[in-house]
Amino acid sequence: MATFQEFIQQNEDRDGVRFSWNVWPSSRLEATRMVVPVAVLFTPLKERPDLPPIQYEPVLCSRATCRAVLNPLCQVDYRAKLWACNFCYQRNQFPPTYAGISEMNQPAELLPQFSTIEYVVQRGPQMPLIFLYVVDTCMEDDDLQALKESLQMSLSLLPPTALVGLITFGRMIQVHELGCEGISKSYVFRGTKDLSAKQLQDMLGLTKPAGTQAGRGPQVPQAPPSNRFLQPVQRIDMNLTDLLGELQRDPWPVTQGKRPLRSLGVALSIAVGLLECTFPNTGARIMTFIGGPATQGPGMVVGDELKSPIRSWHDIEKDNAKFMKKATKHYEALANRASANGHIIDIYACALDQTGLLEMKCCANHTGGYMVMADSFNTSLFKQTFQRVFNKDVQGSFKMAFAGTLEIKTSRELKVSGAIGPCVSLNAKGPCVSENEIGTGGTCQWKICGLDQNSTLALYFEVVNQHNAPIPQGGRGAVQFVTQYQHSSGQRRIRVTTIARNWADAQTQIQSIAASFDQEASAILMARLAVYRAETEEGPDVLRWLDRQLIRLFMFHLRRSPFLQVFNNSPDESSYYRHHFMRQDLTQSLIMIQPILYAYSFNGPPEPVLLDSSSILPDRILLMDTFFQILIYHGETVAQWRKAGYQEMPEYENFRHLLQAPVDDAQEILHSRFPMPRYIDTEHGGSQARFLLSKVNPSQTHNNMYAWGQESGAPILTDDVSLQVFMDHLKKLAVSSAA
Amino acid sequence: MNLNQQPHMASPYAPPQPGYQMYPQPGYGAPHPTQQYAPYNGHTSLYQQGAPPAGYSPYSGFATKTYAANVLSDSFSSSPPNLGQGRAPPVSGAPPVSASDSYSQYAQGNVQNGPPSVPSQPQRPPVSQSYAPATVHPGTQPTYHQPYEAPTTSVQQITGHMAGMHIGGPAPNLAGSTYAPPPSSQPMSSAAFTSTGPPNYTPQLASASQPPSSMSMTPGPPPSMYGAPPTSQPSFPGAPTPPQSAFAGVTPAAPPVSQQSFPTGAPMSQPHYSSVPTSSSQPSMGGPVLQQPPFGAVPPASAQSQFPGAAQPPVSQPSPYHSVPPAAAAGFPPPGGATVTAPPRHPGMQGPPFANQSMSAPPASQPNHTGAGMPPGPPIGGVQGPPPQPGLQGFHPQQNGAFGQMRPPQSGYAAPYPGQQNFGIQPPPPAAAPPAQKRLDPDSIPSPIQVIEDDKANKGSEPFITGVRGQVPPLVTTTFQVKDQGNASPRFIRCTAYNMPCTSDMAKQSQVPLAAIIKPLATLPPDEGPLHLVDHGEGGPIRCNRCKAYMCPYMQFIEGGRRFQCSFCSCVTDVPPHYFQHLDHTGRRVDCYERPELHLGSYEFLATVDYCKNNKLPQPPAFIFLIDVSYNAVKSGLVAVVCEELKTLLDHLPRESVDEESRIRVGFVTYNKVLHFYNVKSSLAQPQMMVVSDVSEMFVPLLDGFLVSVGESRVVINSLLDQIPEIFADTRETETVFGPVVQAGLEALKAADCAGKLFIFHSSLPIAEAPGKLKNREDKKLVGTDKEKSLFQPQVSFYGNLAKECVAQGCCVDIFLFPNQFVDVTTLSVVACSTGGSVYKYSHFQAQTDRDRFLNDLRRDVQKPMGFDAVMRVRTSTGIRATDFFGSFYMSNTTDVELAGLDSDKTVTVEFRHDDKLSEDTGAFMQCAVLYTSCSGQRRLRVHNLSVSCCTQLADLYRNCETDAVISYFAKHAYRTVLSSPTKNVRDVLVNQCAQILACYRKNCASPSSAGQLILPECMKLLPVYLNCVLKSDVLQPSAELSLDDRAYLRQLVSCMDVAESHVFFYPRLLPLQKLDVEGDALPVAMRDSEERLSRAGLYLLENGLNLFLWVGSAIPQDLLHNVFGTASFSQIDPNMTSLPVLDNPFSKRIREIIESIRAQRSRYMKLMVVKQDDRLEILFKRFLVEDKNSSGGASYVDFLCHMHKEIRQLLS
């Protein structure tokens, strides 16, 4: 019997699931006592290169309220050609195509190793991928130039059949018609007036000729559905490249002391509307590139007077952010429209100041879009991140998927409370929906417009079995995840993951339950819950709630993380960090909460060290990965050596290697991570060292540095409590009468 | 007829009396007379001259006639013999003595007349006033003479009146009989005169030759008047024997004539004038006197000139006349003399003869009057008829003599004459002219052509000098030069009345509208030069402190030049130090002639920043071309045509002469249901199109690159214009918007912070969903009902509000419409009409056939000089006030006329009302100041000043009216009233007002007479015919096939027409071409617009400023056919041709030249339509023959005149 550790790892690798408990308490009461709910971190599109695509469609339970997919856990009566649904116990006839089924001739979905299986839906047209660029033109020329180059570059990465569109905006919004000869043509909208999809459709002349639509019918499924604004890359490649090349800075004059008028809100609305009326329920990415905050029209987050700065947390707390609520509402509405149609909104915000990510976060969060924040479009951070969006897998398809829906089926004893992650509710009521909501609840289906291999949802369950209705020994609860999505090849696919866990009576089998506890998953699940609450509630309340709920090591760092702490972070930064925390998988999430610190020295091979001020030594090079930043810190001595140029001397080649080692490791991380982290190379006393100092456990501060060994570590000038103090308190609390 | 004459006579007499008195004086006291006469002389001389040209000798005759008439009447009244004697005496008598005697007699006669003529006397005062001006003219006197000659027209008018008189009079019969003979005699004379103008002359001649007859005629009337036809006859007899004496009998006229001859001897003329002037003139006389001398001097000159021209012999004759004249003091004597001598002279010299004739003519005219029966016949019915013409001419001439030249001064005369001019209407005619019975002879009623030609002849040759207050300028149909000497040229301002009533009571009584038709940016002919630009420095133009009137020649400098008194409000203002200048001994500033604002009527000031919007100097304006690219526009070829044309047209944007290149920036928009803006920035390789489909709230999608300089962006612009037709070649979009189009242009100008003009090329009713969306509401059933007015009201208020915004920004909108069906011109044109823009309409536009017309209009429209963002304000003397305004503009308050754009063709009509009394002494001043931005972005103020006289006598008013302007005003007023009243009411009101004007004249200025007479003031004798044209115009009385759009289109067109345009619009010009003088460059004399005057063998050109028809008679001679059309038969003429074939023969060349020259005269290009007789197009053509009945119920001229007469009679009773 494998250890739970191995079991967990195996499950994660195979099914992309990490449960907080791998043995479930069998009654509601006991489950509640466990504090950490039965929950799972589910990565729907967990990369499974070995998974064969099944070229037929899944067999569904015939009960209308169930519709579960035939899976290895079902009982099959091969003679009668019947199968019993393991969720509702409905007995179902196999479809005629399964006539040849027998114990020796089982379809793939009945094989135990196919607890996760992917079906490829053959019917329906193959939809092209759609990329709609929404480009801000209110920015400095070199920024705009860099952006234009990035965009032009991206065209070469798109499959030739992908449809692309271009919307530019400044004071006005221009929807460019592509592929016109001679005169370039664009439709212009004012930035102060929002338009409904219907209005937009009329104004863009996209009203479909009524007769032809019906008459065409199914016989011409292959007709490439494009229009003047969204055209295949192969056809308008040159045209679009030129168009991008000719993009000018917004020509409207910006007077002294003013911000440029930037109609982001309406631009986004038009982008959403355009796709809404042309490609509903088809995967599409709206890629928004913004160089500053929206300053006019719906969705504006700050006025155009430079003297009035954009809202800070302070303003928000004081209810002094007059545009925030309205803007948020605007973008939420947009996010809902986009997600309802399966469209993704990406936001690439590159500006030194805030750009309103706080207000716009829902656009990315609800639609599974990316949110990237950088200082300028002219940075490698943006350039490489953007390039990485178009990364491809071994089969040459994008690692992105579109317009997904996730449906969950559960055994009777279990109900689903909600999900936290880049999804929106589809409001599908069903027998397995719990009344208690956690995160986005009240439904058993969620829409995930954009997802990739790392997209991870946290799903929370509730054990509803009553204490007085014990589950028979050996009973297992099952959960089925049905994820339908549009593959980047244009195919519709359905991935079904069915897992089961043992029920255990908490009173008699507390040991096994305890053993099945997945600390990491639980930490992240709780952190998600905390962040989710932080998004909707006041910060301190969340911390108090967290303190009440559980106290663990991670919680120390979590408490200090930007996900919960807004101090020293702008609202935009907080939104940015939270956005990524809510969608990354467990490993990445762990890094975010508790950065990893590696030490490189002549004393031995690189080793992970405690995230503690005591780890900061003069003769060490430290590599810190906080997910958002990769930091290389040269200790005082090492820095001096480097300055003296020893690495240049052949006799000190070992020093050169030492210097190179963390850089190589960092590059490795940089290459694989999305979004690309900020890469920082600093040394003792460097200004950028603050990133390191703010993360480490302040075991030595100016208050206590003499009490600890003076020979090591670097004191941190902070009043924050150290882990030591935190733990002391914790212990005291733990042993004192429990709350 | 007689009756008519009588009244005339009476009035004339009345004036004559003074005149006579005057005459006597002149005759007696050489000096006095001379002075007094001088004016007359001037007039007379003028008249004489006038007479010559038109063969109006009659004019002089008129003058004389009037006198004569007066005399006659007097004489008659007193006693024919007396007259004769009286006359004789004057004549025979040494000018002084005899004259005095005669005068005395006359005086008596006058006295007698006096009673009846009392009103007339008042009239004279005005005359005297007129004199005053005349006096002013001294320097100009020579010119006067000429003018006087020109005056013939006025004379004619008078004659017309006279004729009318004749018509009215039963006596006419008698006269007729008398005339009958004249005709025969006339032929002779006519032959002689023919060259000048057969009919007119003939009559004159006739009169002259047949002094007796004329005499008899005159007597005739007098008889009727006096009820002693016989007496008159006696007089005639007397006359016959001694023509002079006879004339003397006719005297009144004769004397004048003699006086005229005297003119050489000032006395004579003076007498006339004096007679009239005496009363009024005396006050004014101070001036007049001075003037008179000049006249005196002039007269000689004129006389000489005339005579010389005619023949020196005549001069010599004059002397004889002089001798005679004394006798002639009666006026008639001279005529008599004239007649006597005249006949011979005439033969010898046409011109002179005329003068002489005029002399004689007067008699003739008188005869008409007298002969009312006969002459009346002629005048009324007969006027036009050969006899009538003579009569008319005769009368006219005389009248002209009196009026025309004298007019201002002569007003008195005019008045009387006008009275004389009574047109006996139907009743009289029958009686008067047996032949004319029952129906008026169209030739006997006042003829517009006659008046026009007379005016040309009398006033066309000498410059019109504006130095004198209250001068009536030449008619708009006359080509003349203007010399600005302190009053604005009539090209800028033309008034309905140049002698305004002093009180509102008078104004109300007369019902004559007091209005000025102002064309602030009128283009001047090259020889009149551009206006001076005055820069008063940083402080801006010097203005009156209280009323803010700008410095002008009327400001009185006082206190040694340290202060000036405003002539408008009397407020005294300090002269700023930098503007100070010493005064000379006459109280004028020493630098008066160095500063345009001190001695010119029109000039410009450079405005300072205070006169600019937001206190910021303006940007150069912009032109934005907005082109409809919907299916219809593309299919008709419009889009291609416009784009092609713009490529070259853009090189000719208006520019300041100092600039090498126009500073106007241009922008382009195309549209159908959505708008397409174009970025044509010079740095672009290709233009960029920006589509704005959110038409509900229009905005400009771009700033930089939309408005560009043509020079810099030429390549991109050309590329754009090349591509536009291609881009939309396959369009299927049929719906259009309009409101957003205007908004787009407006927003663009707003964004660029400049004024400018939009050129919108639009094809169809804007039914697409957008602000300003319209419905098709054309409903023919409403025509003629009370709801008809709603058709002239915009469907939606949207455009009105939009226009307001446009005006605020200085956005002028020109609309070119190319409809295939209803587009609701009414509603669409609101924007243009409120912003100083124009509307052009090309129904069923097809590129092949309508291209020229459209492109010429477009070129002209783009190139014409214009001002932007203008505000106009009219200031007036205390006593009157500008109360109402007509034209294309917007007013946000009651005084400021705001014009987003003001081009050289736009006029603003301003109506004045009394709010106090005016003074005869000071007259009335008006100052029209227009603040505008020039095409180079310079802010300027253009100031036009005009002074008119004021009168306390209605006669003076009636003597100084401008009928064309009155009609123009009436039309504009009526066309606006259709918005609020049923058209029938509008027509009734017009007729009623016109009737009141004439009735008031009849009642107050013409001597009492039987109600059967129609008496028209000389200056207004064409009022009925023109009014009728207005009444039957398409707006007020549409034909069944006329669309609502057409009516609305015409309605708005008329509102900003100047007088010349409105004149030809209502009374189209009809030129006979079959007997063209291919060598000369003169246009043939126009014909009256009546079908019966068209010859089947003829070829006629008709134009009204909008349409140009070439009517081809079915019996057109072969060679003509060949020369013009290059075809062999009538049936081969292609009725669809829009231009004549270019054939290498002088005839073809000349006709094409004529067509081109006519087109060049009009602000809109006229497409040539060839109308073959009896072709289906002829129906359309016939609508323009305005003297005829038309299919939609419009009355013929004759019928209308009768109707008018009836109305007048009703009012009088």
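Student: Which residues of chain B does UniProt list for "domain: Sec23/Sec24 trunk"?

Tutor: The model here is predicted. The domain name comes from an unreviewed UniProt entry. In the model, this span of chain B is 38% helix and 18% strand. Its end C-alpha atoms are 20 Å apart. The UniProt record gives residues 618-862.

Student: How far apart are the end C-alpha atoms of residues 58-98 of chain A?

Tutor: UniProt, in an unreviewed entry, annotates these residues as "domain: Zinc finger Sec23/Sec24-type". The span is 0% helix and 22% strand. Its end C-alpha atoms lie apart by 11 Å.

Student: Which element gives the most to the side of chain B that touches chain A?

Tutor: The contact takes 25 residues from chain B and 20 residues from chain A. Between the two chains, 11 residue pairs are in polar contact. Strand S15 (688-692) and helix H35 (710-727) of chain B each supply at least two residues to that side. With five residues, the top contributor is S15(B).

Student: Which residue of chain A forms a salt bridge with Asp694(B)?

Tutor: About 1900 Å² is buried between chain B and chain A. Two salt bridges cross this interface. In the one formed by Asp694(B), the closest N and O atoms are 3.0 Å apart. The partner is Lys193(A).

Methods
Residues are numbered from 1 along each chain as its sequence is written. Chains are lettered from A and ligands numbered from 1 in the order in which they are written. This is a predicted model: local features need pLDDT of at least 70, side-chain atom pairs count only at pLDDT 80 or more; totals for chains, interfaces and linings use all residues. Side-chain values use heavy atoms; hydrogens and water are left out. UniProt positions are given in the numbering used here, feature names are shortened, and annotations may be inferred rather than shown by experiment. Helices (H or I, at least four residues) and strands (E, at least two) are DSSP runs, numbered from the N terminus. Contact means heavy atoms within 4.5 Å. Buried area is the accessible area (1.4 Å probe) that two parts lose on being put together, summed over both. A salt bridge is a side-chain nitrogen of Lys or Arg within 4 Å of a carboxyl oxygen of Asp or Glu. A polar contact is a pair of N or O atoms within 3.5 Å; within protein, one must be able to donate a hydrogen and the other to accept it, and residues adjacent in sequence count only if both atoms are side-chain atoms.
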